[in-house]
Amino acid sequence: MRHLGTDVTHVTRQGVTVSGRAVSTRSTRFAEEGDGYVGWALSEGQDFAECRPLLFTIAYEILGSAADAEDVVQDSYLRWHGVSREDVEHPRAYLVRTVTRQALNHLRTTRRRREDYVGPWLPEPVRTGPDVGEDAVLAESVSMAMLLVLETLSPDERAVFVLREVFGYSHREVADMVGKTEATARQIAHRAREHVRARRRRFHHDPRTAEEVVGRFLHAAGTGDVAALMSMMAPGVVHISDGGGRVSAARRPVRGREKVARFVAGVSRTSGPVTLLEFANYNALPAVQFRSGDRVDYVLLFEIADGLIHGMYAVRNPDKLSTAVVPRPLARRKDDPWRL
């Protein structure tokens with residue numbers, strides 16, 4: 001088989017053999033190590049490559065883990081590679097259905113691990129571009145606040161809510177994707193929508209204001225100025241740290257601006273040297289990446305509204321930071337219609 005001028009001789013769950021050389025199908029290798037993005041260009045007509053941002057976004061919103069989402073997308077590629085194109089009338093419909101069902105199966109097997117997680121569990125942060133913020137629905141759907149609300153849904157409720165409310169698929173399409181009747185899918189969608197509506201927190205921030213607030217926050221934290229920190233926080237501010245038992249982190253959320261301000265000042269005072277601070281967007285939120293040399297120590301995400309910080313999410317678990325520097329293209333539905 002030959003695609004993009006490259007001989008592809010074998011595909012396995014472990015990788016792709018290209019011109020006699022084994023190539024990992026882990027997406028981080030394609031993104032970082034120059035394997036020519038071969039893995040996503042193997043399908044005829046580049047259907048898979050064109051759908052990949054959409055497929056990753058669906059899997060990530062169902063799972064809350066970039067690493068697990070990548071695994072699901074990789075496995076779905078292998079399934080796609082083994083299917084005769086003559087048997088697939090609508091490639092995108094087939095791919096979305098496959099990714100959805102694989103993500104659902106994966107979520108069901110990982111629920112127990114999250115119940116046994118040490119300390120607060122936060123979604124794995126994904127680095128996003130400014131284009132994600134231009135789509136209000138997509139930006140809210142990948143925000144930390146929304147992903148934490150989705151964690152309180154059952155696997156079926158989460159998948160149905162994401163497909164229906166975020167990606168705009170019809171109840172009939174959603175039913176086919178999750179293996180339910182249309183009537184059942186409607187009931188699940190209604191139940192999930194009411195559940196999310198009662199718990200969702202919405203924040204709309206101005207990027208320029210947010211960067212200014214974060215800059216003042218970092219200065220106040222660095223100098224231990226508790227009063228200054230409190231002045232830029234909302235009364236109900238919450239700070240959540242995720243160390244996963246791997247690194248030092250608060251075992252419970254910290255709430256209220258005085259407690260949060262003192263906690264932040266204390267962490268800043270006792271933390272080791274940081275060689276680099278980088279402003280970035282993660283999950284469509286303003287964030288700061290803290291690094292020591294080439295290692296990302298943690299990512300701190302901010303929820304900011306009306307010039308005040310309402311929420312902070314500190315992801316410290318190194319298992320969730322291995323690809324934190326890699327930008328993730330996210331997408332909802334394409335403009336061209338299709339049906340299942």
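Q: Which residues in helix 9 meet helix 10?
A: On the helix 9 side they are His171, Arg172 and Ala175, and they meet Glu182, Ala185, Arg186 and Ala189 in helix 10. By class, that contact divides into 3 nonpolar, 1 polar and 3 charged residues. Here Ala, Val, Leu, Ile, Met, Phe, Trp, Tyr, Cys and Pro count as nonpolar, Asp, Glu, Lys and Arg as charged, and the others, Gly among them, as polar. Contact means heavy atoms within 4.5 Å.

Q: What kind of model is this?
A: This is a predicted model, in which local features need pLDDT of at least 70 and side-chain atom pairs count only at pLDDT 80 or more, while totals for chains, interfaces and linings use all residues. Residues are numbered from 1 along each chain as its sequence is written, and side-chain values use heavy atoms, with hydrogens and water left out.

Q: Back to that pair: at roughly what angle do the axes of helix 9 and helix 10 cross?
A: Helix 9 (residues 171–178) and helix 10 (residues 182–199) cross at roughly 100 degrees, and their axes come within 8 Å. They are therefore roughly perpendicular to each other. The cut-offs are under 35 degrees for roughly parallel, over 145 for roughly antiparallel, 65 to 115 for roughly perpendicular, and oblique for the rest. The axes are lines fitted to C-alpha atoms, for helices over the stretch in contact, with angles from 0 to 180 degrees between N-to-C directions.

Q: And how do helix 8 and helix 10 pack, at what angle?
A: The angle is about 90 degrees, with the axes of helix 8 and helix 10 8 Å apart. That makes helix 8 and helix 10 roughly perpendicular to each other.

Q: Which residues in helix 8 meet helix 10?
A: Asp156, Glu157, Val160, Phe161 and Glu165 do, and their partners in helix 10 are Ala185, Ile188, Ala189, Arg191, Ala192, Arg193 and Val196. The contact of helix 8 with helix 10 has 7 nonpolar, no polar and 5 charged residues.

Q: Nice. Where do helix 4 and helix 8 stand, with what angle between the axes?
A: The axes of helix 4 (residues 91–115) and helix 8 (residues 155–166) come within 10 Å and cross at roughly 135 degrees. Helix 4 and helix 8 are therefore oblique to each other.

Q: Is their crossing left-handed or right-handed?
A: Right-handed. The rule is that a crossing is left-handed if the near helix is turned anticlockwise from the far one by less than a right angle, and right-handed if clockwise.

Q: What meets what in helix 4 and helix 8?
A: From helix 4 you have Thr100, Leu104, Leu107, Arg108, Arg111 and Arg114, facing Pro155, Asp156, Arg158, Ala159 and Leu163 in helix 8. Those residues divide into 5 nonpolar, 1 polar and 5 charged.

Q: Zooming out, how many helices and strands are there in the chain?
A: The chain has 13 helices and 10 strands.

Q: What share of the residues count as buried?
A: Of the 340 residues, 51% count as buried. Buried means under 20% relative accessible area, exposed over 50%, and partly exposed in between (1.4 Å probe, protein chains only).

Q: Where does Leu308 lie?
A: Leu308 is in strand 10 (residues 308–315) and is partly exposed, with a relative accessible area of 26%. Leu308 and Ala234 are 74 residues apart in sequence and 5.6 Å apart in space, C-alpha to C-alpha.

Q: One last topic: what is the phi of Asn283?
A: Positive, about 55 degrees, although Asn283 is not a glycine. Most residues other than glycine have a negative phi. Asn283 sits in the loop between strand 7 (276–282) and strand 8 (285–292) and is buried, at 0% relative accessibility.

Q: What about the phi of Ala284?
A: Ala284 has a positive phi too, of about 60 degrees. Ala284 is in the loop between strand 7 and strand 8, and at 14% relative accessibility Ala284 counts as buried.

Notes
Helices (H or I, at least four residues) and strands (E, at least two) are DSSP runs, numbered from the N terminus.
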